[in-house]
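Dear colleague,

I am handing over the structure below, and after it I describe what was found. Please keep it open beside this email while you read.

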Amino acid sequence: MTDPDRRIPRLVRPYALTTGRTQPNLRFGWEATVKRLPRADDLPRPTSAVGNVIVEMTRELISIAEISARVGTPLGVIHVLVADLVATGHVRVMATLEADSSDAVRRDLIERVLSGLQRA
């Protein structure tokens, strides 16, 4: 279930949140995890309400998919906004898998993402 305090009102179309951009400046998967950087407190706050919510949510490691589910915003929009937050130094996208990651590691990642989505 989505936390109503974190859900962004649907007064604005998703493309307006990204000023019409549909592609992020960085490439990462929906399973990638995001973590707020310590210096984020010293930076100017993001200009969008969704950006502020993402910065607060990433105080703990959270996947792109889970952010999307909790905020109630499409994955593509979250990708663009998170890439913007990386560029401004607010958050860091963590590596999820290496090319030689084992099946067990891949399965563990999928289980963690699904567990996070179920909590959302």
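The side chain of Arg36 makes a polar contact with the side chain of Asp41, at 2.6 Å, where a polar contact is a pair of N or O atoms within 3.5 Å, of which, within protein, one must be able to donate a hydrogen and the other to accept it, and residues adjacent in sequence count only if both atoms are side-chain atoms. This is a predicted model, in which local features need pLDDT of at least 70 and side-chain atom pairs count only at pLDDT 80 or more, while totals for chains, interfaces and linings use all residues. Residues are numbered from 1 along each chain as its sequence is written, and side-chain values use heavy atoms, with hydrogens and water left out.

Arg36 lies in strand β1, residues 33-36 (strands are DSSP runs of E of at least two residues, and helices runs of H or I of at least four, numbered from the N terminus). Arg36 counts as buried because its relative accessibility is 9% (buried means under 20% relative accessible area, with a 1.4 Å probe and protein chains only).

Turning to the helices, α3 (residues 64-71) is mostly covered, since six of its eight residues are buried, namely Ile64, Ala65, Glu66, Ile67, Ser68 and Val71. After α3 comes Gly72, whose phi is positive, near 75 degrees.

The contact between α2 and α3 is made by Val50, Val53, Ile54 and Met57 of α2 together with Ile67, Arg70 and Val71 of α3 (contact means heavy atoms within 4.5 Å).

Best wishes

How values were computed
Axes fitted to C-alpha atoms, helices over the stretch in contact; angles between N-to-C directions. Buried < 20%, exposed > 50% of the residue type's maximum accessible area, 1.4 Å probe, protein only.
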